[in-house]
Amino acid sequence: MVSPRYTVPTAIEPALELVRKYNIPGPRYTSYPTAPQFSAEIDRTALLTEVKRDNADASTPLSLYFHLPFCESLCWYCGCNTVITRRLASAGEYVDLLIKELELTAPLLDPRRPVTQLHFGGGTPTFLPPAEIDRLAHAIHRLFTFSADAEISVEIDPRRLTQEHVAAFRRLGCNRASLGVQDTNPQVQVAIHRWQPLELTTQAIAWLRAAGYQSVSVDLIYGLPLQTTESFAQTLDEVIALNPDRLAVFSYAHVPWIKPAQKIFDDRQQLPTTEVKLAMLNTATQKLVAAGYAQIGMDHFARPEDELAVAFVEGTLHRNFQGYTTRAGASLYGFGMSSISQTDGSFRQNYKDLPEYIDAINAGRLPIERGYLLSEDDRRRRTIVTDIMCARGLDFARLSQQLGLDFAATYATELNGLDDLVADGLVVRSESGIDVTPLGRLFVRIIAMRFDAHLAKQRSGFSKVV
Ligand code: SF4
C-alpha cells in the first residue's frame, strides 16, 4: 500500500495563484553554497589542505564522478557542459587525460578508503567505445577499493547505445542506469532536436535488464516546446509501461543567457505557459502515484521498496550534485572537465573548457579552475537547506543539538521571514519546528532560499522554480 506520506500534493487551482506569486529564479540546491559562489581567486594551498584533512580518516567513504562531455549532436534544451563532436578519436584522447588525472589524484587519498558510489555523467558516457570504457575501468579499479555494495551508475543515451556498451559498463561494475528520454512525442522531439523513437528506449531498457542492472531510471522534462498537458500525459503512459524503477521529472530550465541554443524556443514561441507547466507536473504526479511510485522531493519518483523511497521515509535521504541520494557522508572526487569535488569543508571545480583542462593535465597539475572554502555559517546553513530539501521540515530540538546552538533563537529572523509562506499554506510553523505542507512541496526551493545567506548577490543566474 502507498504510504500516506506519498499523497498527491496539490490540486492545481490553488497552486496556480501561488505559482504566479512565487515562480522566481532559484537554485536546485544540489549543494550549499551553490556553484555560483565558487571563485577562481580561491587559495589553492588551502583547498589542498582541506583534501589532506578530508583524508585523515581512512574510513570516510569516497564518491567518484566522471564527466564524459562528448555528444554527437546538441539537444537544444541542454543545460549540461558538453563538447559536440563526431570525432571518435576524442574518446581515446580524453580517457588518456582521465587516467592522468586519476594518477595525479590517487596519491592524495588513502587507498583503504572505500568507494561507495561512482557515477558516469555527461555529455554522453556511451560516446566512449567499449574498449575505452574497459581501459578507464582498469585504471579506476587499479587505484581505488570499492565497497561490496557500491552504487555504480551511468547516464545512458538510448540513441548512442549498443549491447557492447551495456556489457562494458557492466564489466566495470555498473548496477544502475538512468536513461535520457525527456518526451516521447515526435513533434516535441523534432522541436528540441532530439529524435528518439520509443523503440530505442524500450530496447535499451531490455538490454540493461538482461545484463543484470539492478535499477533503471528514466529522466523526463516538462516545459519543453510544443508540449501540452495531453501530449505529456501520453509520454507518461508510455514511460510507465516500460516499468522503470525510478523516474526524474524535471522542470525545463530556460536560461538562454547562459545556453544560447535555447533562444530558438523564444524565437519560435513554442514554450508552454507556466500554467501548462504546472498542469503537466500535476498530471505527472497523479499518474505516477496512481502507478504505485512514491514521490521523493519535488521531482523524483521511485518504487516504494526502492532504497531512495525507504530513505525518504526513514529521514536518511541526502542531496548531491546528481540529485537525491542514499549515500551520505562520502567525499566527492570529480574527474574530467567541469567536474566538481566536495569535501566537508570545500568545493573544487575543474576547468569548464576542454583546452584549459587538457593544458593543466598535460602540465601535471590538478585542473582546478575555481573553488570554495565553507565557513561555519555555511556548514550550519547546509544542514538546514538539506533538511528542507530532503526531510521537508526543520526539527528545532534536533537541529539545536546537532548544531550546538539554540536554533529558534539563532535563526529567528529567517523563521519570522516565513510569514508569507505560512499564510499561503506552504509551511506550518510551531514551537517545535516547521513542516513543508503537501502544497509547499512545489515550492521547497523557495523555502530553502529563505535560509540562503548568499542569494542576494546572484539570483539572476538561476532558472525559475516551476
Ligand atoms: S545528449 Fe544530453 S548532454 Fe548531450 S546535448 Fe543532449 S541533453 Fe545535452
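# Helix packing, ligand shell and backbone geometry

Visitor: At what angle do the axes of helix H4 (residues 130-143) and helix H5 (residues 163-172) cross?
Guide: The axes of H4 and H5 come within 9 Å in this predicted model, where local features need pLDDT of at least 70, side-chain atom pairs count only at pLDDT 80 or more, and totals for chains, interfaces and linings use all residues. Residue numbers start from 1 along each chain as its sequence is written. With axes as lines fitted to C-alpha atoms (for helices over the stretch in contact) and N-to-C angles from 0 to 180 degrees, the crossing is at roughly 5°.

Visitor: Are H4 and H5 roughly parallel or roughly antiparallel?
Guide: Helices (H or I, at least four residues) and strands (E, at least two) are DSSP runs numbered from the N terminus. Angles under 35 degrees count as roughly parallel, over 145 as roughly antiparallel, 65 to 115 as roughly perpendicular and the rest as oblique. H4 and H5 are therefore roughly parallel.

Visitor: How many residues of the contact of H4 with H5 are charged?
Guide: Pro130, Ile133, Asp134 and Ala137 of H4 meet Glu164, His165, Ala168, Phe169, Arg171 and Leu172 of H5, contact requiring C-beta atoms, placed from the backbone, within 7 Å. Of these contact residues, six are nonpolar (Ala, Val, Leu, Ile, Met, Phe, Trp, Tyr, Cys, Pro), one is polar (the others, Gly among them), and the number charged (Asp, Glu, Lys, Arg) is three.

Visitor: Within what arc do the buried residues of H2 fall?
Guide: In helix H2 (residues 44-54), Leu47, Glu50 and Asp54 are buried (20 or more other C-beta atoms within 10 Å of the residue's own; 12 or fewer is exposed, in between partly exposed). They line one face of the helix, because the arc, taken over directions from the axis to the C-beta atoms, is within 55°.

Visitor: Which exposed residues does the face of H2 turned away from its buried side carry?
Guide: The buried residues of H2 pack against strands S13 (331-335), S14 (340-343), S15 (346-350) and S16 (368-373). The face turned away from that buried side carries Thr45 and Lys52.

Visitor: Against which elements do the buried residues of H12 pack?
Guide: Tyr357, Ala360 and Ile361 are buried in helix H12 (residues 354-362). They cover an arc of only 95° around the axis, which puts them on the same side of H12. Pro355 and Asn362 are exposed on the face turned away, whereas the buried residues pack against helix H3 (89-105) and S15.

Visitor: How many residues of the shell around the ligand are charged?
Guide: The ligand is surrounded by Cys71, Leu74, Cys75, Cys78, Cys80, Thr82, Gly122, Gly123, Thr124, Asp157 and Gly180 (C-beta atom, placed from the backbone, within 6 Å). Two members of this shell, Gly122 and Gly123, are joined by a cis peptide bond with omega about 10°. The shell divides into five nonpolar residues, five polar and, for charged, one.

Visitor: What is omega of the peptide bond from Tyr32 to Pro33?
Guide: Tyr32 lies in the loop between helix H1 (12-22) and H2, and counts as buried because 23 C-beta neighbours lie inside 10 Å. Beyond four places in sequence, Tyr32 touches Arg381, Arg382 and Val385. Its bond to Pro33 is cis, with omega near -10°.

Visitor: Is Gln269 buried or exposed?
Guide: Gln182, in strand S6 (residues 176-182), has a positive phi of about 75° and counts as buried with 23 C-beta neighbours inside 10 Å. Gln269, in the loop between helix H9 (263-267) and helix H10 (274-290), has a positive phi near 50°. With 7 other C-beta atoms within 10 Å, Gln269 is exposed.

Notes
Two residues are in contact if their C-beta atoms, placed from the backbone, lie within 7 Å.
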